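Welcome! Take a moment to look over the chains below, and then let us walk through them together.

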Amino acid sequence: MIQSENYDFDAIVVGSGISGGWAAKELTEKGLKVLVLERGRDITPGLDYYGEHAPDWKLPYQGKKPRELYENEYPIQSHGYALNEGNRQFWNNDKDNPYVFDAEKPFYWMRADVVGGRSLIWGRQTYRWCEQDFTANATDGHGIPWPIGYRDLAPWYSHVEKFAGISGEALGLDELPDSEFLKPMEMHALEKTIQGRLRKKAPHVHMTIGRVAILSEDHNGRAACHYCGPCDRGCSTGSYFSSHSATLPAARATGNLTLKANAVVERLEYDAQGGRVSAVHVIDSKTGERSAFRARLYFLCASTVGSTQILMNSRSEAFPDGLGNRSGALGHYLMDHVYGVGVTGIFYDDMDRYWFGNRPNGTYIPRFRNLGGQDDDAGFLRGYGYQGAAMRMDWKTGFNKKGFGAELKESLRKPGPWVFHLAGFGEVLPQYNNRMYLDAKKVGRFGIPQVGFDCQWGDNERMIRDDMLEQGEGLMKAAGAVFTVRMEEMGEPGLGIHEMGTARMGDDPAQSVVNAHNQVHGAPNVFVTDGACMTSSSCVNPSLTYMALTARACDYAVKQLAQGRL
Amino acid sequence: MNRREFMQCAALLVSGVAATRISMALSDEQKHYLARANYNRTPANYFNEAQRRTVAAVAETIMPATDTPGAIDAGVPGFIENMVQDWLNNAERAIFDQGLAELMASTQRSYGKSFEMLEPAQQSDCLEALESAASDSAWYDFGNTQRVFVSDAPFICQMKELTIWGFFTSEAGATQVLRYEAMPMTFDGNRELGPDDSSWAGTPY
Ligand SMILES: Cc1cc2nc3c(=O)[nH]c(=O)nc-3n(C[C@H](O)[C@H](O)[C@H](O)COP(=O)(O)OP(=O)(O)OC[C@H]3O[C@@H](n4cnc5c(N)ncnc54)[C@H](O)[C@@H]3O)c2cc1C
Ligand code: SF4
């Protein structure tokens with residue numbers, strides 16, 4: 001790319017997580033000089049994964065979570081399941097980086113603060129959206145229609161999957177299109193038993209092994225998984241997809257990448273005359289020093305809330321309500337997934353079967369409700385899927401029993417019955433009232449206005465929960481559970497960690513923030529390609545879709561640039 | 001070395017006192033055992049010597065050495081001292097302190113001896129009595145193990161939780177009582193489980 005003296009870089013990418021890593025890779029590989037700005041600190045993959053392979057006896061308090069520290073410094077992050085002493089270094093410190101938290105109506109903003117973002121700690125479940133997901137808004141009238149469909153994204157799904165490496169089983173289902181798969185992981189004995197019973201007794205559901213961004217075989221110079229288990233502590237063999245294992249090394253290999261850690265992006269500067277963004281303003285988190293960088297293209301990949309925070313904080317005469325916000329949609333239509341609801345069953349089958357190795361993956365039952373039209377017995381719109389996994393009870397699930405001595409020791413030493421859990425993930429409707437905002441009166445340590453949330457689930461989400469429980473119980477019976485327990489309480493918004501929306505995609509600039517190519521309406525050299533752009537939420541884990549949207553937007557942006565249109 | 005002799009050694013080791021100071025005659029076997037490396041590596045310094053001996057003996061009564069290591073072999077007393085010192089909050093620590101003091105006083109009252117000097121059956125009786133008095137605590141609720149801690153759990157429940165947790169997450173507990181494999185290299189979902197096989201230790205995912 002030809003360098004002009006007015007530009008420091010061809011493109012600037014904000015954020016180095018799943019989306020930002022992809023933007024860096026695609027843009028550098030197309031020859032652009034790219035600067036990645038990341039607020040978190042840098043780490044050396046491998047060397048800095050201090051929790052990796054640490055056995056319990058080497059963890060602080062032998063793995064009992066340090067409650068006082070978490071209450072004081074991680075009150076938000078510790079509300080989710082995933083923070084522990086093996087991976088704490090990757091998480092956001094809530095004391096240092098507060099936001100406006102309303103205890104009456106909580107939104108749990110789960111975030112990382114490190115180069116690589118949540119790609120280091122994500123659950124790695126990867127599912128394509130299907131055509132019905134893209135047409136849902138147009139069909140039932142909630143939200144605005146998507147300007148793109150499955151056909152637009154399918155080649156980009158393939159593109160990112162071939163690089164990332166997705167292990168899974170092809171099923172040929174419309175409701176869960178197949179990815180480009182590496183060989184599937186194996187099921188547990190009990191999962192196979194359950195799968196067999198469901199085939200007979202509940203033929204309308206399909207149970208498959210989880211589709212996961214983990215290498216089941218060597219791939220693109222990265223080693224196959226060695227099944228150590230707790231991926232969220234980092235993986236020095238790079239066997240699961242993260243920015244560190246996959247996209248950033250590829251970007252670095254081009255020689256076109258500059259990565260600046262500890263670089264907090266404050267706002268974008270809009271040049272009304274040129275009709276485009278002319279600079280990004282950055283604060284060094286260590287020194288407080290301010291600087292600005294100029295580029296032809298800007299990619300916002302700071303995660304759903306992070307990117308919208310930057311747009312909202314980029315006010316100008318031309319955009320008094322935030323960059324790209326002539327529609328008033330910015331910050332609104334915040335979504336996540338219905339989460340925390342499910343059914344656990346206890347099984348006495350396959351008692352002489354066990355496992356070897358820690359499979360970092362579960363099983364999946366794709367959406368089976370309201371497929372291709374509304375089910376007669378469904379009062380709710382859209383649908384949900386179940387993640388699930390089998391394991392055997394052990395001392396950790398039984399230590400509160402009565403007794404002492406050799407007998408207790410012996411009973412806790414051996415595996416107990418199998419348990420199989422179905423965890424629902426349900427689609428959330430896009431609602432204007434569910435929103436994030438900036439609180440001008442409260443600023444963070446860098447003087448940037450704090451984010452606040454106003455978000456609550458509605459009747460459709462509650463009906464989805466009820467159906468998840470009812471259907472889940474039925475499936476457990478069909479599967480042969482001798483006893484079932486329902487997890488009835490919906491997690492508060494944010495806890496699904498699939499937050500999305502707030503800068504939605506649409507053809508109409510009066511109703512949306514970005515266009516069909518993730519380009520900000522009114523600021524054509526800015527692209528928002530993370531979860532902020534989502535117009536509806538589907539029920540599948542979203543990150544694969546962010547990857548595909550990001551790669552597609554990069555391709556479009558570079559073509560536009562080559563044609564002199566940007 | 002019988003169990004009683006072993007418990008005496010353990011009491012000496014965890015409290016770091018010389019046998020002569022509590023007028024105890026040691027067998028050769030005990031002397032040999034005591035010459036091993038000190039397995040109590042934790043820097044915690046919360047209990048006095050008498051408390052340390054009692055806590056070790058309670059932990060060993062909960063998870064005794066059998067043909068596999070027990071709580072003391074696994075360093076559990078040191079783990080408990082650490083947890084009581086640093087991890088319990090003030091209210092929980094007060095429950096622990098009071099429970100321990102009551103146990104120590106009651107064995108003196110009933111048997112004229114400290115807990116660690118009792119016969120195994122007497123030790124079990126003491127703990128059984130504490131457990132039956134605590135039996136309506138929420139700590140025993142079915143399925144109530146996926147939480148951080150039950151803050152108002154009585155002393156006996158605190159002791160059981162810390163002992164069992166400390167034991168199965170220790171190196172000895174994980175590798176010699178349970179099974180541990182850091183680098184499985186493969187996943188096989190259909191391994192046979194023999195009638196005497198232990199669970200896997202560690203965090204599956
Ligand atoms: C425990 C857990 C499990 C999950 N499981 C799954 C799963 O199984 N499947 C799935 O699809 N998704 C899963 N997710 C969600 C997934 O992690 C996110 O969807 C994904 O990481 C989003 O990618 P992103 O690049 O948009 O954001 P992130 O990965 O969060 O990266 C954003 C980056 O931008 C940086 N940033 C933010 N603001 C600024 C700023 N102002 N200036 C500079 N840098 C900034 C952040 O520090 C961060 O590094 C999970 C998440 C968690 C935490
Ligand atoms: S389980 Fe596999 S992917 Fe996960 S950290 Fe271990 S080797 Fe890496």
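On α3(A), the face turned away from the buried side carries two exposed residues, A:A138 and A:T139. Which residues of helix α3 (residues 131–140) of chain A are buried? They are A:D133, A:F134, A:A136 and A:N137. These residues lie on the same side of α3(A) because they cover an arc of only 140° around the axis. Among the parts that cover them are α4 (150–164) and β16 (418–427) of chain A. Just after α3(A) comes A:G141, which takes a positive phi of about 80°.

Now turn to where the two chains meet.

| Item, chain B with chain A | Value |
|---|---|
| Residues from chain B in the contact | 70 residues |
| Residues from chain A in the contact | 57 residues |
| Buried area | about 6,000 Å² |
| Salt bridges | five salt bridges |

Carbon and sulfur atoms give 60% of that buried area. One salt bridge joins B:D196 to A:K414, with their closest N and O atoms 3.9 Å apart. On the side of chain B that touches chain A, α7(B) gives the most, with eight residues.

How confident is the predictor? For the complex, the ipTM is 0.93 and the pTM is 0.94. Chain B has a mean pLDDT of 88. Within chain B, confidence is highest in helix α7 (residues 155–168), at a mean of 98, and lowest in helix α1 (residues 3–15), at 66. Over residues 37–41 of chain B, the pLDDT is below 50. Where pLDDT is low, the predicted coordinates should not be read in detail.

Terms used:
Residues numbered from 1 in each chain as written. Chains lettered and ligands numbered in written order. Predicted model: local features only at pLDDT ≥ 70, side-chain atom pairs only at ≥ 80, totals over all residues. Heavy atoms only, no water. pLDDT = per-residue confidence, 0-100. Helix = DSSP H or I, 4+ residues; strand = E, 2+ residues; numbered from the N terminus. Contact = heavy atoms within 4.5 Å. Buried < 20%, exposed > 50% of the residue type's maximum accessible area, 1.4 Å probe, protein only. Arc of directions from axis to C-beta. Buried area = accessible area lost by both parts, 1.4 Å probe. Salt bridge = Lys/Arg side-chain N within 4 Å of Asp/Glu carboxyl O.
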